Amino acid sequence: MEPETITVLDGREWARDPEPVHRVLADLVAGGAALGWVDPPSRDEVAQLLDQVLSAAEAGDAALRVACLGGRLVGLGYWRRHARPTHRPHADLEKVAVDAAAHGRGIGRALTAALVADAGAAGIEVLTLDARGDNTHALRLYRSLGFTEYGRLPDFVAVGDRRYDKVFLMLDFRRV
């Protein structure tokens, strides 16, 4: 049996139906994933987030990518340009998420590489991101794609009684 093909697509069409994205994000957060929520987001929260990213993408200020495996959405990620006028040349990579059942297949790498390419094509000068310090797989992935750490806030992320470092990484296109 041949392995299913991973396809990374422009996510704007998928953003119009938040259900598959909600399923991935809610399941990951329920399993403890570091995506910015303590409790799984509601369908309405995800729909609102997708609306914001879609609006920014249509204005040229964001890119949304989804990954499909056998026609089923299994991952997503996006970057958004900073709104402050003095920061407009830069963007933040946010919520790169892959369905737990699809981990280990290169989907996160494919999504992130596509988003990095989109940022470069959009003229982004510096692409930043932050990750929870215990998210070693994600940190390793980002570093392997050329991101470098530029700061760390010890014990900054609070999940109940647990505390985690917040790690800041950047990819400077001006030096690539």
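This is a predicted model: local features need pLDDT of at least 70, side-chain atom pairs count only at pLDDT 80 or more; totals for chains, interfaces and linings use all residues.

Visitor: Where in the chain is the place of T86?

Guide: Strand β3 covers 72–81 and strand β4 covers 90–98. T86 falls in the loop between β3 and β4.

Visitor: And how far apart in space are T86 and V157, C-alpha to C-alpha?

Guide: In sequence, T86 and V157 are 71 residues apart. In space, the C-alpha to C-alpha separation is 27 Å.

Visitor: On to rings. How many aromatic pairs does a search of the whole structure find?

Guide: The search turns up two aromatic pairs. One of them is Y142 with F147, at 5.9 Å centre to centre and 65° between the planes. Angles over 60 degrees count as edge-to-face, and the Y142–F147 pair is edge-to-face.

Visitor: Is the pair of Y150 and F168 stacked, edge-to-face or tilted?

Guide: The ring centres of Y150 and F168 are 5.8 Å apart. Stacked needs planes under 30 degrees apart and edge-to-face over 60. The planes here are at 45°, so the pair is tilted.

Visitor: Which strands hold Y150 and F168?

Guide: The two residues are 18 apart, and the pair links distant parts of the chain. Y150 is in strand β6 and F168 in strand β7.

Visitor: Which ring does the charged end of K95 sit over?

Guide: The charged end of K95 is 4.5 Å from the ring centre. That ring belongs to W37.

Key: Residues are numbered from 1 along each chain as its sequence is written. Side-chain values use heavy atoms; hydrogens and water are left out. Rings of Phe, Tyr and Trp (its six-membered ring) pair if their centres lie within 6.5 Å; planes under 30 degrees apart count as stacked, over 60 as edge-to-face and the rest as tilted. Helices (H or I, at least four residues) and strands (E, at least two) are DSSP runs, numbered from the N terminus. A charge sits over a ring if NZ of Lys or CZ of Arg is within 6 Å of the ring centre and within 35 degrees of the ring normal.
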